[in-house]
Amino acid sequence: MNELGNILIAGTGPAAVQCAVLLRALPGELGIAGRASRRSDAFFAALDANAGIAQVQVQNTGHAALAGRACIDHRYRSYQQVRGVWGTLVLAVTADAYLPVLRDLPQAVLDTIARIVLLSPTLGSAALVREFARSSGADPEIISLSSYLADTRQVEGAGGALVLTAGAKNRIYAGSTGGDTPALQRVRAVHAAAGTQVKLMGLPVEAEARNMSLYVHPALFFNEVALRAVFTPAPSTQYVYKLYPEGPVTPALIHSMAEAWRELSAITTALGGQPVNLLAFMLDDGYPVHPQSIAPGKAASFEQLPAVEQEYLLYVRYASLLIDPFSQPDELGRYFDFSAIAFRPVFRNDQDEWDVPRMPKEDYYRTKIIAGMARKLAVPCPMLDSLLGAYEKALAQAAEARKGENCSPAFAVQDFAADLDMISAGIGCAA
């Protein structure tokens with residue numbers, strides 16, 4: 001059966017290519033569209049030079065189901081150029097780009113779309129997209145995935161049409177505005193064929209609440225160590241997941257992470273969803289540790305433990321993953337340096353502007369939206385507000401230091417009011 005119809009993928013990054021390869025096995029036509037930029041121009045040029053074929057290679061043989069080639073039937077160098085009838089739109093772009101993409105698509109195209117799949121949404125993204133569609137006179141099914149299923153990156157010199165998938169998640173979550181629909185089951189089956197289990201949730205917001213980044217990135221990126229590493233000219237290398245002073249992880253950071261989780265849990269509850277057991281989520285859906293480090297019973301009862309014990313266990317979890325506890329030690333007894341993920345500093349993008357890396361730029365949008373939703377729902381979130389305040393202070397200082405230089409909009413403090421108003425309408429709050 002053709003539950004998804006013709007599929008249009010919005011986005012030209014590595015995730016879009018991986019999606020194209022997985023979706024190519026389905027009946028119907030496949031298209032891809034991007035915004036006009038030097039990077040997307042290189043992508044489409046690479047596709048054109050290879051007869052429209054995009055390819056995924058994998059790093060590990062265990063992920064062989066994710067490898068393959070896909071011939072893209074229709075290629076659009078801007079969203080305004082899209083034509084035709086598309087049963088499914090896959091938004092393979094960051095959550096802050098959902099509205100810009102939808103606004104750029106011709107109304108005649110939007111009218112044909114029966115469902116929209118959100119690959120990497122934030123809390124409230126389904127409400128945002130559904131409300132935009134309704135304002136345009138449409139009512140498509142919205143399917144939210146908790147996150148993209150893999151770790152995919154470009155292969156140098158291939159223009160983006162050849163990508164490498166280095167890892168894949170064992171499980172993600174999904175929810176639809178239409179309930180358990182045939183389209184949702186087909187999306188689930190596509191993931192299952194790639195080796196990723198999709199657990200169905202009753203509401204899109206419950207799937208959106210099960211993205212690990214929402215819980216850990218604000219604390220990890222909106223702190224003094226991280227902000228200095230991102231915004232200071234020629235910073236010394238610092239590592240996202242390492243203990244202080246090599247990285248930002250301290251008991252105080254873990255406290256802020258736990259408080260942000262408690263606030264997010266209250267917001268999810270106010271939206272009618274089931275909150276996340278953060279420690280169990282980290283160990284079951286993230287990376288496990290040995291039971292000698294954290295006993296399974298502690299993870300299962302995490303939500304009922306005193307706050308100080310919760311924070312102790314979260315600190316133990318990060319300390320236990322400084323190395324990969326399941327790697328094989330070398331001849332000197334050293335395990336793989338699992339936590340050596342460096343902060344990326346600001347950089348010049350393909351428009352020759354100073355730009356902020358995706359982390360923390362994407363985390364700023366996500367967290368700002370969540371804090372805005374909290375205010376609409378009358379849920380206090382002092383920790384999220386404090387973390388956002390630290391980021392915005394650093395952002396303003398960085399913008400002042402580069403005054404007169406060519407900087408991207410990511411250097412501006414933003415309120416994302418249009419998105420928040422639309423989400424508020426979508427979840428039934430007063431704007």
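For this talk, Ala, Val, Leu, Ile, Met, Phe, Trp, Tyr, Cys and Pro count as nonpolar, Asp, Glu, Lys and Arg as charged, and the others, Gly among them, as polar.

The model is predicted, so local features need pLDDT of at least 70 and side-chain atom pairs count only at pLDDT 80 or more, while totals for chains, interfaces and linings use all residues. Residues are numbered from 1 along each chain as its sequence is written, and side-chain values use heavy atoms, with hydrogens and water left out.

I will start with a sheet. Helices (H or I, at least four residues) and strands (E, at least two) are DSSP runs, numbered from the N terminus. Two strands pair if DSSP finds at least two bridges between them. Four strands form an open sheet in the order β4-β3-β10-β9, and the pairing is mixed. The edges are β4 (68-71) and β9 (150-154); each has a single partner strand, so one side of each is left without a neighbour in the sheet. On average, neighbouring strands here are turned by 25 degrees against each other, direction ignored. For such angles, axes are lines fitted to C-alpha atoms, for helices over the stretch in contact, and angles run from 0 to 180 degrees between N-to-C directions.

β3 (residues 53-58) and β10 (residues 162-168) are joined in the parallel sense by four bridges. Val58 has Thr165 of β10 as its bridge partner. Across β3, β4, β9 and β10 lies helix α1 (residues 14-23), which runs at about 100 degrees to β3.

Next, a helix on the inside. Buried means under 20% relative accessible area, exposed over 50%, and partly exposed in between (1.4 Å probe, protein chains only). Why is helix α11 (residues 278-286) largely enclosed by the rest of the structure? Seven of its nine residues are buried, so the rest of the structure largely encloses α11. Those buried residues are Leu278, Leu279, Ala280, Phe281, Met282, Leu283 and Asp285. They pack against β11 (171-176), α8 (212-221), α10 (251-270), α12 (296-300) and α13 (307-320). Contact means heavy atoms within 4.5 Å.

Lys368 sits in helix α14 (residues 358-376). With a relative accessibility of 13%, Lys368 counts as buried. Leaving aside neighbours within four places in sequence, Lys368 is in contact with Leu388, Glu392, Gln414, Asp415, Phe416 and Leu420.

On a 1 Å grid over the protein atoms alone, a cavity is a set of points where a 1.4 Å probe fits but cannot get out, and a pocket is an open set with protein on both sides within 12 Å along at least five of seven lines; lining residues have an atom within 4 Å of a point. Grid points are joined across faces, edges and corners, and a volume is the space filled by probe spheres set on the points.

How many cavities of 30 Å³ or more does the structure hold? There are four. The largest cavity has about 170 Å³ of space. It is lined by 14 residues, and Cys19, Leu23, Val187, Val190 and His191 are the closest to its centre. At least two lining residues each come from α1, β6 (88-91) and α6 (182-193). By class, that lining has twelve nonpolar, two polar and no charged residues.

The second largest cavity has about 70 Å³. Its lining has seven nonpolar residues, one polar and no charged, and includes Leu110, Phe132 and Ser136.

The second largest pocket has about 290 Å³ of space. Of its 17 lining residues, Ala127, Pro204, Val205, Gly426 and Ile427 lie nearest the centre. α5 (125-135), α7 (204-208) and α16 (417-427) are the elements that give two or more residues to this lining. The largest share, six residues, comes from α5. The classes here are eight nonpolar, five polar and four charged.

Last, some backbone details. Most residues other than glycine have a negative phi, and most peptide bonds are trans. Ala51, in the loop between α2 (38-49) and β3, has a positive phi of about 60 degrees. At 56% relative accessibility, Ala51 is exposed. Ala234 has a positive phi near 50 degrees and is exposed at 78%. The loop between α9 (224-231) and α10 holds Ala234 and also Pro245. The peptide bond from Tyr244 to Pro245 is cis, with omega near 10 degrees.
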